[in-house]
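Here's a quick briefing to read with the model open in your viewer. Take the topics in any order you like.

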Amino acid sequence: MILGISPKFDEATIHSFDWFLDLVDQLREEKWYLLLGEEATRRNVERALKKLEVDMVVFYDHGTEEGLVAQDGHEYCLDKKNLHLVAGKVIYTLACLAGKDYGVEAYNKYDCVFWGYKEEFGFTIGDDEELFKECANYGLIYKLKNKCSWKEAYEKTREKFNEAIKKAKSIWSKMWLRHDRDALVVYSKDMPPPKPKCPLRRIAIRLFGRVGRKISRRFVLGVLLQWLGVGLCVHDFIKECQKISNPYTVHGFWWGTGFIIVGFFMLTWEHVKWLRISNK
């Protein structure tokens, strides 16, 4: 089942809403569950993901690096806090910026396939608007009708953008189509996100494979603090046993205990936060 989400509350979403309806019409043979306009809220989206057997989420509206914006723009219907609800699913979006950070985390930590844009998605209205709609919808239509890989759908969509650039009448349309084409990203097994710039992250990926992409900095720092604390405690214990310690210096034992406690909270933070939220 495809969960289709399309808010409608400002000038931009009026257009994307119409594009979305055209997409649904072209893929009417698929099984859809639609949350449109006022129904496109975080509560409704989370309820649908929990109760329905959803394989794919299709979202048309505003986006940010943090997630996908719900109706009226006051909250996210999907963001990093509820990514676990779409674990292992396909997320196909027409949304600005969501491919820059949200999509990477969806792929790295929750094994999602993500289709979207790492920069703003711009378009013009008038004679050339149809070209933008065709390009935005083309990837999913091509993928589902041809049963191909996401990489092939991505390459065909870039070709579609190139065709649209040639057809566009306005110079501004040509500029925005080039921009949108270059902002398009797909994160899947055959097209993973670019390697991270952080050398420690690259080492983690080399050591642990794809799991290395999921290890957070907080977790690594927590482990280091735990082991540093244990080392200091053991070292100070040995010194005390040998009666070499200076009573006027700060005991390593207390530093070690402090590191262990801080490291423990860092390692369990997500679980503690989850427990606190669920008890509200």
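Which residues in helix α3 (residues 102–110) are buried? They are Y102, G103, E105, A106, Y107 and N108, where buried means under 20% relative accessible area, exposed means over 50%, and partly exposed is in between (1.4 Å probe, protein chains only). Keep in mind that this is a predicted model: local features need pLDDT of at least 70 and side-chain atom pairs count only at pLDDT 80 or more, while totals for chains, interfaces and linings use all residues. Residues are numbered from 1 along each chain as its sequence is written, and side-chain values use heavy atoms, with hydrogens and water left out.

**The chain overall**
- The secondary structure comes to ten helices and eight strands; helices (H or I, at least four residues) and strands (E, at least two) are DSSP runs, numbered from the N terminus.
- Of the chain's 280 residues, 43% count as buried.

- Six strands make an open sheet with mixed pairing, in the order β2-β1-β3-β6-β7-β8; two strands pair if DSSP finds at least two bridges between them.
- β2 (32–36) and β8 (184–187) each have a single partner strand, so one side of each is left without a neighbour in the sheet.
- From one strand to the next, the twist averages 10°.
- β1 (residues 2–6) and β2 run parallel, joined by five bridges, and I5 sits opposite L35 in β2.
- Helix α1 (residues 11–26) packs on the sheet, touching β1, β2, β3 (56–60) and β6 (90–94), where contact means heavy atoms within 4.5 Å.
- The direction of α1 makes about 165° with that of β2; axes are lines fitted to C-alpha atoms, for helices over the stretch in contact, and angles run from 0 to 180 degrees between N-to-C directions.
- Helix α5 (residues 150–167) lies across β3, β6, β7 (113–117) and β8, at about 15° to β7.

**Salt bridges**
- The count is 13, taking a salt bridge as a side-chain nitrogen of Lys or Arg within 4 Å of a carboxyl oxygen of Asp or Glu.
- E46 pairs with R42, with the closest N and O atoms 3.3 Å apart; the two are four residues apart in helix α2 (residues 42–51), so about one helical turn separates them.
- R42 is buried because its relative accessible area is 17%.
- K80 forms a salt bridge with E66, closest N and O atoms 3.8 Å apart.
- That pair links distant parts of the chain, 14 residues apart: K80 is in the loop between β5 (76–79) and β6, and E66 in the loop between β3 and β4 (67–69).
- K80 is partly exposed at 21% relative accessible area, and E66 is partly exposed at 38%.
- D182 bridges to R181, with the closest N and O atoms 3.0 Å apart.
- Shared partners join E66, K80, D101, E105 and K109 into one network of salt bridges.

**Spots to click on**
- W172 lies in helix α6 (residues 171–183) and counts as exposed because its relative accessibility is 54%.
- S149 is in the loop between α4 (129–146) and α5; beyond its neighbours within four places in sequence, S149 contacts K143 and D190.
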